[in-house]
Amino acid sequence: MKLWSGRFQKETDALVNDFNSSISFDQRMYREDIQGSLAHAQMLGDTGVIQKADAAAIAEGLKSLLSDIEAGKIEFSADNEDIHMNLEALLTARIGDAGKRLHTARSRNDQVAVDLRLYLRREIAEIRQMLLELLQVLAKTAAQHQTTVMPGYTHLQRAQPITLAQHLLAYGSMFSRDVTRLEDVKKRMNLCPLGSGALAGTTYPIDRFETASLLGFDGPMANSLDGVSDRDYVIELLSALSLVMMHLSRFSEEIILWCSWEFKFIELDDAYSTGSSIMPQKKNPDVAELVRGKTGRVYGSLMSLLTTMKSLPLAYNKDMQEDKEPVFDAVDTVKQCLPVFTAMVETMKVLPENMLAAAKRGFINATDCADYLTKKGVPFRDAYKAVGQLVYACTTAGKTLEALTLEEFQAAHPLFDADVYEAIDLQTCVSQRNSYGGPSVAGTTKQLELLNAFLKEREEA
């Protein structure tokens, strides 16, 4: 018999029972449901809403139930529909009437709201740590490649010379923002809905500040309607996770390009590559491709919940049961992607010679050549035109700028002198880009200092 069956005269149809049930997916919140119930029972005893002896019996029963669940001795039943009713039924079977008093001054609406916040708070902490581990790998690899010259691209066309360090540190900036976004989500969601009841609070003399404190929240939610109907924090988290996956996907796309024969900037470790069933020469970047593919899955979770919530009136509606599967799947997907992606990056072999060879083609020092003239007083647009003519001449002759004679330079503009060759040397082009955030050793050293300070601050927190 269902715990809410008093008003009903007929059994729920089997199809409705299956359709309504959430135990198949919300059972993963059993720890949080027990955690919330322990705090609720202690508060009920402390405020005199129930006898302290009953509160103690409930606590003892819940702790033994938790132990048995984690030992694999408990099977949940679809007849009890969700994790909350399963645990209450199991508790009552163990300790009798005291178990029936646990739900005093509480609804499943505020119960599931607190469970989900507790669950996601823990998952956010784990994902944040995975991101910090990825950032540590990026910092370590970047420090090893501050003088590894490579082409920087715009429109996937070789554009200007940079270093691998700067490229990796760009992703360091992205993933650092992801960390702070998760921290922001956690901070905003760290308010306790318990005590909101079904929607309008309760007539019992409960202490919502006590339960909030016991559960590690910053305080109770200020409005009981909002307490049971708010899912902003889930949508915010899904948005933050979508950005994590977008950054992973962009990086994956570059890794896929870089390990192709057309680029050959890196070689992936055999442990993070796969082969072909028919082509014996193949070494496929399947890890990066799967991360790229799974990004759409996380985006789908975000759009699913945004669509579910867009027209729901206050307060709780059963539609909101549809929040869990998308966020659980997104959390699982991100947690699956981050460790294997981090390991793939940590073990990849960088091929600096190929990066430098690519940098020497494509006229990526053309801007520096124009700047050479500008620094001698030539208006930039005039310098730009002169170098454009040189590039055209090089493309028709199959030359690079470095291969031009001084006479050919001076034919384009008389202020070119012998020191132009040093000015357009790729190492010079990189080393003189000392503007804040640039690819010079001084620039990437500063970026590394900022990233390492960011990591250290979070290690000490």
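Good morning. I begin with Ala 315, which is found in the loop between α12 and α13. Most peptide bonds are trans, and most residues other than glycine have a negative phi. Please keep in mind throughout that what we are viewing is a predicted model.

Lys 264 is not a glycine, yet it has a positive phi of about 55°. Its place is the loop between α11 and β3, the latter covering residues 266–267. Lys 264 counts as buried, because its relative accessibility is 17% and the limit for that term is under 20%. Phe 363 is the other case, with phi near 55°, again a positive value in a residue other than glycine. Phe 363 sits in the loop between α14 and α15, where α15 spans residues 366–374.

The largest nonpolar core has 74 residues, and within it Leu 120 and Leu 248 touch the most other members. Which helices each supply at least two residues of this core? They are α7 (108–144), α8, α11 (232–258), α12 (286–309), α13 (324–347), α14 (352–359) and α20 (441–460). The largest share, 15 residues, comes from α7. A second, separate core has 20 residues, including Tyr 30, Ala 41, Val 49 and Leu 91.

Let us look at Leu 248 in detail. Apart from neighbours within four places in sequence, Leu 248 is in contact with Leu 134, Phe 175, Val 291, Cys 337, Leu 338 and Phe 341. Leu 248 is also among the α11 residues that meet α13.

That brings us to the pairing of these two helices. Two packed helices are described by the angle between their axes and the distance between the axes. For α11 and α13, the axes come within 10 Å and cross at roughly 30°. The angle is under 35 degrees, which means that α11 is roughly parallel to α13. The crossing of α11 past α13 is left-handed. On the α11 side, the residues that take part include Val 234, Leu 241, Met 245, Phe 251 and Ile 255. On the α13 side, they include Pro 326, Ala 330, Val 334, Phe 341 and Val 345.

Asp 178 is found in helix α8, which runs over residues 164–189. Is Asp 178 buried or exposed? With a relative accessibility of 1%, Asp 178 counts as buried. Its side chain makes a polar contact of 2.8 Å with the side chain of His 247. Another polar contact, of 3.1 Å, joins the side chains of Asp 178 and Arg 181. Not counting residues up to four places away in sequence, Asp 178 touches Leu 131, Ala 240, Leu 243, Val 244 and His 247. Of these, Val 244 is one of the α11 residues that meet α13.

Helix α3 (residues 30–46) and helix α5 (residues 83–95) pack at an angle of about 60°, with their axes 10 Å apart. The two helices are therefore oblique to each other, and their crossing is right-handed. Where do they meet? Tyr 30, Asp 33 and Ile 34 in α3 meet Ile 83, His 84 and Leu 87 in α5. Tyr 30 is also a member of the second core.

Ile 58 has its place in helix α4, residues 52–70. Ile 58 is buried, with a relative accessible area of 0%. Beyond its neighbours within four places in sequence, Ile 58 is in contact with Ala 41, Ile 50, Leu 91, Ile 95, Ala 98 and Leu 102. Ala 41 and Leu 91 are both included in the second core. Ile 58 and Leu 91 are 33 residues apart in sequence, and their C-alpha atoms are 7.7 Å apart in space.

Phe 209, by contrast, lies in helix α9 (residues 208–214) and is exposed, with a relative accessible area of 61%. Phe 209 and Ser 273 are 64 residues apart in sequence and 52 Å apart in space, C-alpha to C-alpha.

Thr 163 counts as buried at 0% relative accessibility. Its contacts, not counting residues up to four places away in sequence, include His 145, Thr 147, Val 149, Val 430, Pro 439 and Thr 444. Thank you for your attention.

Methods
Residues are numbered from 1 along each chain as its sequence is written. This is a predicted model: local features need pLDDT of at least 70, side-chain atom pairs count only at pLDDT 80 or more; totals for chains, interfaces and linings use all residues. Side-chain values use heavy atoms; hydrogens and water are left out. Helices (H or I, at least four residues) and strands (E, at least two) are DSSP runs, numbered from the N terminus. Buried means under 20% relative accessible area, exposed over 50%, partly exposed in between (1.4 Å probe, protein chains only). A polar contact is a pair of N or O atoms within 3.5 Å; within protein, one must be able to donate a hydrogen and the other to accept it, and residues adjacent in sequence count only if both atoms are side-chain atoms. Contact means heavy atoms within 4.5 Å. A nonpolar core is a set of buried Ala, Val, Leu, Ile, Met, Phe, Trp, Tyr and Cys residues joined through side-chain atoms within 4.5 Å. Axes are lines fitted to C-alpha atoms, for helices over the stretch in contact, and angles run from 0 to 180 degrees between N-to-C directions. Angles under 35 degrees count as roughly parallel, over 145 as roughly antiparallel, 65 to 115 as roughly perpendicular and the rest as oblique. A crossing is left-handed if the near helix is turned anticlockwise from the far one by less than a right angle, and right-handed if clockwise.
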